[in-house]
Amino acid sequence: MTTAVLPQRAAMDSAVRYLITKYSPKGNKVGWLMMASILVEAWDLYSIAFVLIFIREQYQPDPLLLGLAAAGTQGGALIGALIGGWLSDKIGRRIMFLVTMILFIILALAQAFVTNIGELIVIRFLLGVPLGSDISTGYTYIMESMAKGEREVMGNRWQFMFAIGEVLTLGVIAIFLILNLDHETVWRVTLGLGALPAFVILVMRHDIPETAVWLVQKGRFREAKQVAREMYNDPLDMLPNEDIVVPKARPAAFLADLRKDPIRWRATLYGWIACFAQASEFSTFAFYLPVMFAMVGVSTILGNNLVTMALFAFAAVSGWVGPLLTPKIGHRGIGIAGFSIVLVSLLIAAAALYTDHKYVLPFAAAGMLWGHYWDASNCMTIPTMVAKPEYRGTASGFAYMFVKLPSFLAIFLFPSLFAAIGQANATLFVAIFPLIGLLAAIFILPEVYGYEHD
């Protein structure tokens, strides 16, 4: 290897710029495979919401412990997002998404065999680490494997995949209830089943190569040229045939780098705010939909599951439509429309609870979920997309931190708030979050659809 970096810098930048704008049919396939891992996260993060009533029935924990069992994965994912994003930049995208799936398989199975609520809390916290890491790694891989425009539509589909995961989870639980399985079996099998799709994804990911962009940034030109030939049928002739030593980028330097470009800085700042707002609105109102419906007498446990499954099936349509509209109305349009719909829906839900018009709740919830699956669609896409390749994993993980922190706090503490001020007041309180997101979309977010680095 040679240490002559500067003479090769122009070639590296040219190769990276070329790669991130290059379309490949394989890139689309890889994008879907990265998105598929969100099914695993959705299964684990939200299956607990649907079986929480059975866990409470068996172990009788106090509200704080019950909230911690539900929120433990979110807390672990907060750590996983930061560590995983940094490691993705340091040791590579491929090794990280393989390791995260292996860890998830082991820990998902382990939670099905716990003997007390304390063990469940610990395992679910540990389980969150690979989940948080996988999201940041997957987004980084998508942004480096697909062309501009295409990568944004794919990245915005994460909410569609979340909805599919939630519908599948509810469908399985509904089948268990129809079969009249005992409640302990239902929650243990439901939690443990998350290992199955993780195993399938692990097998399918095994032969996917490292991204050529990451290899170029690390000066590993020979491997980059080989991957580009496999992925794009392109030898990257602008690169030399020998590797070079590239100085290591400091993880924290991505913040200083962002501040140099007002467009990238404002877009990233919006991404952080939108991540926080959408996670807060969902983790409070939508996460406890089954509990809310039961409290206000909407239905039985099975009926509750079926109504919730119908809502998430409806939300899946929104999660599919939103990304398709992004090229037409832009990231800014999707954000403004999504947060506006959520805000109005939550105000209607609060009014229905204040006036005891329970029949309105499912319709308000449907509206809320439709808007949520738009406003949440691009909050990870934007910060990952505008980051420079050498900081992309770190930037993605840092953005995901703004999803996991409010998710953890909301799921942990919202039951206590719910009990203290009542469902109507709590629902009205949640409306603060889409209002924050809406204002950020209007006044902070520049339009960055199709963004390219200089």
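Leucine 236 sits in the loop between α11 (221-232) and α12 (253-259); helices here are DSSP runs of H or I with at least four residues, numbered from the N terminus. This is a predicted model, in which local features need pLDDT of at least 70, side-chain atom pairs count only at pLDDT 80 or more, and totals for chains, interfaces and linings use all residues. Residues are numbered from 1 along each chain as its sequence is written, and side-chain values use heavy atoms, with hydrogens and water left out.

**Loop residues with positive phi**

- Leucine 236 is not a glycine, yet its phi is positive, at about 50°.
- Leucine 236 has a relative accessible area of 0% and is therefore buried; buried means under 20% relative accessible area, exposed over 50%, and partly exposed in between (1.4 Å probe, protein chains only).
- Glutamine 60, also not a glycine, has a positive phi of about 50°.
- Glutamine 60 belongs to the loop between α2 and α3 (63-91).
- With a relative accessible area of 58%, glutamine 60 is exposed.

**Nonpolar core**

- A nonpolar core is a set of buried Ala, Val, Leu, Ile, Met, Phe, Trp, Tyr and Cys residues joined through side-chain atoms within 4.5 Å.
- The largest such core has 137 residues, and Trp158, Val216, Leu369 and Met380 have the most contacts inside it.
- Helix α2 (residues 25-59) supplies the largest share of this core, 17 residues.
- Apart from neighbours within four places in sequence, valine 216 is in contact (heavy atoms within 4.5 Å) with Met12, Ala15, Val16, Leu19, Phe221, Ala224 and Leu239.

**Cysteines**

- A disulfide is a covalent bond between the sulfur atoms of two cysteines.
- The rule used here asks for a pair of cysteine sulfur atoms within 2.5 Å, and by this rule there are zero disulfides.
- Cysteine 275 counts as buried because its relative accessibility is 0%, and cysteine 379 is buried with a relative accessible area of 0%.

**Helix α16**

- Helix α16 (residues 361-375) has 15 residues and should span 21 Å, which agrees with the 21 Å between its end C-alpha atoms.
- The expected span is 1.5 Å times one less than the number of residues.
- Of the 15 residues of α16, 13 are buried, so the helix is largely enclosed by the rest of the structure.

Technical notes: Helix = DSSP H or I, 4+ residues; strand = E, 2+ residues; numbered from the N terminus.
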